[in-house]
Amino acid sequence: MKTKIKKLLKKIPKINIYFKILFILTILYVFIFLNIENIERKMTFPGEGKQITHEIASHPDLEEFNIQIADGNNIHGIYLGNWEWKTVYYFHGNWVALPYFYKEIEYIHSLWVNVIAYDYPSYGKSTGIPTQKNIAQYSQIFFNDIQTKKDIKDEDVIIWWVSIWTAAAADFAGRNQFDKLIFVSPMASRYDMAKEMFGFAIQKLFFRKNSFNTIDTVKYFPQPALIIHGNTDKVISFSQWKSVYNNYWIENNKWNQKYFIEIDNFWHNWIISRFWTALEWKLLEFIKSWNIKSDSEIFT
């Protein structure tokens, strides 16, 4: 009996340490669980709250719009165009506001298309919080307003999305009619992003559903799609485009109207800016529905 008591007394310090560790982990879990939505949002949208440091460059065909919505927030965006043809709805990159992407917007405009784009909630001159619900609302309100003002037909709309915002654009595309899709460095889903960062979908530990889920949304798009991705991308891995590409309209895709351009030895940012001369003809072929000879090419 005495021997058992002595053994138990020796274990007490260790038991205390285990309880302390368990207590700390429990407190940490509860804190993350209660704040998981904000944590996930901050990790997904690092550009949240970043204001512009310079204005959009002037252009004779550029118009700026500020749309006040019911909750008092503002949606800021632009329309660049004088072409009586296609219009690109451009979902810009994640880290900064719309003016930083203006050179790319001008390049897209030079492909004989009009361009509309807006700043996401809390980016640039737009206000609000970038939740999935708010982003969907802003995307739709801005598009509806410009579509009415500029008499844009659904069949003339090309949705062009970049990086993490491919998921937001996919969500918009799933609720609207359009002509084509262009993906630049597309994200597969929030689960896929978490797997790359932590080795598993950490959201599952906190009972969060997979959101911004591009790979599931694109299953139902019969429209032609072009995907461009750098094969050394460390922000959104090269493998994620494969998930998007392989899932794209997996049912009844008789003509396999999906094309991929691999940018060799190039990472995540500024693909279009770096390769716009090389990409120009391929983009024109795709936009104008000319024949594209192969479904995959490598640019170096």
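In which strand of the protein is confidence lowest, and in which is it highest? In this predicted model, local features need pLDDT of at least 70 and side-chain atom pairs count only at pLDDT 80 or more, while totals for chains, interfaces and linings use all residues. Residues are numbered from 1 along each chain as its sequence is written, and side-chain values use heavy atoms, with hydrogens and water left out.

Confidence, expressed as pLDDT (the predictor's confidence in each residue, from 0 to 100), is lowest in strand 9, residues 296-299, at a mean of 60, and highest in strand 4, residues 114-118, at 96. The protein has a mean pLDDT of 80, with 83% of its residues at 70 or more. Where pLDDT is low, the predicted coordinates should not be read in detail.

The secondary structure comprises eight helices and nine strands, taken as DSSP runs numbered from the N terminus (helices H or I, at least four residues; strands E, at least two). Of the 300 residues, 50% count as buried, that is, under 20% relative accessible area with a 1.4 Å probe and protein chains only.

Beyond its neighbours within four places in sequence, Phe-91 is in contact (heavy atoms within 4.5 Å) with residues including Tyr-118, Ile-159, Trp-161 and Phe-172.
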